[in-house]
Every structure is written in C-alpha cells, then in structure tokens.
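Here is a short briefing on charged side-chain pairs. Have the coordinates open while reading.

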Amino acid sequence: MSDIRHDRVHGTHVIIAPERLHRPHCYGVEEKKEIVKKEHCPFCEGNESMTPPEIFAIREQGSLPNKKGWKTRVVPNLYKAVQIEAAYEHHYGFFERWEGFGAHELIIDTPEHHTSMTQWSESEVVQWLLTLRAGVSDLRKDERIAYISLFKNEGSEAGASQQHSHTQLIGLPIVPKMLRERYQRSFTYYRQNACALLESEIEQEEASNERIVAKHGAFTAYCPYASAYPFEVIISSKKALGQIDTLHDETIAEVAPLLLIILKNMKKQLGCFTFNLSISTPPLQGNAFEYDILTHTDEMCRFAIQIMPRLYHMGGFEVSTGVMINPVSPEHAAKLLRESMDG
C-alpha cells in the first residue's frame, strides 16, 4: 500500500509507493562511458595547467601552487553559472533581476583519478571537509554573498560532467525561496519548542529505531521518514556542533568515517549508483535575511549531510507538483543498509 508522508523539515509531501518498483524501466541505469585516461583528465595531479589557477589547496609542505603535491584543490569553475567579476546590481521592476554576480568554484576532491566517492580513504574525506570549511569561511567575509550551496554530483544521471571526483560551491546574492522558507520554518519551530527541528526529528527516529542506519559519536545516519529518494540518507547530530565553516577538527574527524561507511554500504546494496550529495549551509548575511534567524543559526539548525541516490526517473507528476514518488520505503532501505554493516 502507498503512503503520503509529510516532511516537516522541508515542508513537502512524499508518496511512498512500493508498487511502483515493478514498473518497466523504473530505475535509471548509469550509462557505460569510456573512462577518461589520467593524462587527459584536467583534475588529475600533474595536469594543473589544464585548469584555471587555484584559489585554495591543501598541499604537502614545500609544494608550490598550481604544481604537484596537493591533496585537495579549489579552482574557479570554467563554466560558471555566476561570476564574482559581475556587477553587484539589483534591478527592480516587474521584470526584476540581479546581474549575474556570485561565486562558482570547483573543488577537486582528490589527486587520485577516483570516479566515485566510495573509492576514497577516510583521510580523503577529512581533507575534503576541511576544504569545504575553508571555502565557506572565506566567502562569508564577502557581504554580497547571502547564500552558499555546497553540492556533489556523482554520475552523469546526477548531473556530473566530469568523471574525476569533484564538488561544487555556488555563492549567490539571494537566498533561494525554498531555502528561505525552510529556515523560516526551522526558526518558527525553534521559537515554539526551544529546540531545533532536526534535533526533534533525530530524537523521533531514534525512538522508533525503524530507519536508523548507524551512529558514530555525536552523529546519526538515518533514512528519513519522508524520504524523497530511494535509499536517501541524512547524517546529522542532535547536538549543536556549528555549521560547515565553524566545525572543529574533532567533529570533522568524527563524521568522516560515518559518511564513508554509509556510501560503501550503499554500493554493496546498489552496485554502481549515481547520487547527489548536499551539505547544509544556512544563510550568511543580514542584508538578505531576517536578523533573528541569523543570530540563532546554531540553535535552530544542525550541520547535516544529505545523500540522494538517483535510482528512479522523475516524471511529469513530480515536476508539475513538487511531490516526489519514492518506490522504496525508508524502513526497507534502512534495514538493507544495516545488513550491509553486519556483512
């Protein structure tokens, strides 16, 4: 039987419909592509001249910028959605618009020619998170940037145009409507209940224990009750540990192994799969968002990583209504992922 579930965090509804699993061509299959050779890959170590000059890098001591010896590397995206060089201008009127101002950076996650995050080592996950922390911390100083999106596309069906593992950062002078409403909803919940919405969700998930996948230190990994995607997993904490740009080294070292084991267990269950991954990034600046929300960010928000496998093709219903149909119940997905832990 189907279920229409309410997602309190995102303010949306999801249809859990296991019967849809039996449709022909239900799942998107990652097309087989010829692997790009290292010598032709712009993101491989030794090919630094094939990218724009680096903005930031974690490097071996003594190595030089734009040369070998890096662990992670950040460069401007060649195919920018927005540009830091554009004018910071807002044009009002019926056809309101901003100039194409913003930041669009590309994080080369590893010098190794890994095509999947499941191939990473734990130390590579730590270095990746440290790089994201540095990038957001730096852009927070720019008062023109109101919101930063941190996301990773793995596989062509998830939107990746390069095989070598990479992440993207897009900073905007606006807070997108969906995110604005989400943080307003989180603030209202915090004001009424004196606790974070995500904190309450994790407490409820732990109480039911049906959708918990694993725990490590302060962090819990679970398939949310109203999962929009088959095998969707959120990794977060009941505790207020800061945001991506204020996480302590110890916190990063704690969440990294949990993220890696979840991805490896997904691979055990799903084989080679495509996915989108996003990191929570609350609004940054007061000139673009309500003061009360910005001054209570840590209390009302929790650092979270969301993994969204792209196994199921969206159709006209999802696009036209915003209501996702998920053919795999989160209870079943969590059970399979827990079994992979034991295996």
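In this predicted model, R302 and E199 form a salt bridge, with 3.0 Å between the closest N and O atoms. R302 sits in the loop between α6 (297-300) and β14 (304-309), while E199 belongs to helix α3 (residues 197-208), so the pair ties together parts that are 103 residues apart in sequence. The whole structure holds 18 salt bridges.

**Burial of the R302–E199 pair**
- R302 is buried, at 9% relative accessible area.
- E199 is buried as well, at 16%. Both values count as buried because the cut-off is under 20% relative accessible area.

**Salt bridges of R211**
- E331 and R211 meet through their side chains in a salt bridge of 2.7 Å, N to O.
- E331 lies in helix α8 (residues 330-342) and R211 in the loop between α3 and β10 (212-216), so this contact ties together parts that are 120 residues apart in sequence.
- E210 and R211 also form a salt bridge, at 3.7 Å from N to O.

- R211 is buried, with 7% relative accessibility.
- E331 is buried, like R211.
- E210 is partly exposed, at 43% relative accessible area. This value falls between the 20% and 50% limits, so E210 is neither buried nor exposed.

Definitions and conventions
Residues numbered from 1 in each chain as written. Predicted model: local features only at pLDDT ≥ 70, side-chain atom pairs only at ≥ 80, totals over all residues. Heavy atoms only, no water. Salt bridge = Lys/Arg side-chain N within 4 Å of Asp/Glu carboxyl O. Helix = DSSP H or I, 4+ residues; strand = E, 2+ residues; numbered from the N terminus. Buried < 20%, exposed > 50% of the residue type's maximum accessible area, 1.4 Å probe, protein only.
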